[in-house]
Amino acid sequence: MSVMMEYKCPFCGGAMEFDSTIQKMKCPYCDSEMTVEEFQRQQKKSEIVQDSTAEKIGWQAASDGQWSAGETDGMRVYACESCGGEIVAEETTGATSCPFCGNRVVMKGQFAGDLKPDCIIPFQMDKKAAKNAYYQHLKGKSFLPKPFKDKNHIDEIKGVYVPFWLYSAETNANVVFHADRLRIWESGDTEYTEHSEYQVERAGRNRFENIPVDGSRKMDDALMESIEPYDFSGAVPFEPAYMAGYLADRYDMDQNEQFSRATERINRSAEHALAQTVEGYNSVSVSSSQVDILNASYLYALYPVWILNTTWQNSKYVFAMNGQTGKMVGDLPVDKQAFWKYVIIRAAIITAILFALMTGLFS
């Protein structure tokens, strides 16, 4: 029989949550605060009182990829009937809508079978910061429809831990670059341009650590890459208590499925590192490349993301904010009428200037 996973306050019995602003567990009822480590010690003391069996005391090593007995009790999987997204939360979570598309979610079943995260970056930014970042994101956008800015409201803001596979590897790369150099000079009334082309070869060995690739099909890869970078120094060994008050996206692409994308990112990084050593040219591009990946390894991590959903003219817009750094990204609607008005006015101004110049030349 499953035992409900609860984060009870040891003082009043209320449900504690992880507070990103103070980086501690906090009880909203009696305002008690304690670090995650202190909370875990309290939990262990409670387990000793209930049952002195050694197996129920302590956690397994975070890097073994397996959940300890009882750790997943009380976790449930909720499935979106619209986009098919799955999120993991406590069975008492009042999750009524999908953080990705805003539609209704229903309980699917007990969480089981997934790997245990090796590490987690706790939320550093709270919901208020996410809302402020969203409105700052709207400022200064040239063709943003005025009603969207003035009357737009946020449908929902949810803090979600997104699954990431972190790949580390050494590379032994040999890259051939095509380089161009232009030299322009004048002699008398004549201007000369010399265009020279070169083949530049570079080779080197590099080490890349914790390159992130999201493990969710429904999360747009470009969107997740846009809110990078994360500071991995802020990662801590995974403890379920960090999830209190938040949702967790369930990975549906394992480390093997995403290895090709990780390889692509590692290859690009290796080529970029060597390209930085090619100097003194006007343009540089990769002609051919051979990158061997050595000593490859991976970790499974949960990274914090605030997901914001908003609706305008029956269209849904999704925004994402890095829950550690506050970086906000997301597509915005374009006022096509304002855009074409700008194009027409700009064309008219340029035409008027050219007409004035031509009139001056022939007058």
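Strands β12 and β13 form a hairpin with two residues between them, and Gln 313 in the turn has a positive phi of about 50 degrees. This is a predicted model, in which local features need pLDDT of at least 70 and side-chain atom pairs count only at pLDDT 80 or more, while totals for chains, interfaces and linings use all residues. Residues are numbered from 1 along each chain as its sequence is written, and side-chain values use heavy atoms, with hydrogens and water left out. Strands (E, at least two residues) and helices (H or I, at least four) are DSSP runs numbered from the N terminus, and two strands pair if DSSP finds at least two bridges between them.

| Strands | Sense | Bridges | Opposite residues |
|---|---|---|---|
| β12 (residues 283-312) and β13 (residues 315-322) | antiparallel | eight | Leu 308 and Phe 319 |
| β7 (residues 119-120) and β12 (residues 283-312) | parallel | two | Cys 119 and Ala 301 |

Ala 301, found in strand β12, is buried (under 20% relative accessible area, against over 50% for exposed and in between for partly exposed, with a 1.4 Å probe and protein chains only), its own value being 0%. Leaving aside residues up to four places away in sequence, Ala 301 touches Cys 119, Val 162, Pro 163, Phe 164 and Leu 166, where contact means heavy atoms within 4.5 Å. Val 162 lies 139 residues from Ala 301 in sequence, yet 8.3 Å from it in space, C-alpha to C-alpha.

In helix α2, the buried residues are Ala 130, Ala 133, Tyr 134, His 137 and Leu 138. Seen down the axis of α2, these residues fall within an arc of 145 degrees, so they line one face of the helix; the arc is that of the directions from the helix axis to the C-beta atoms.
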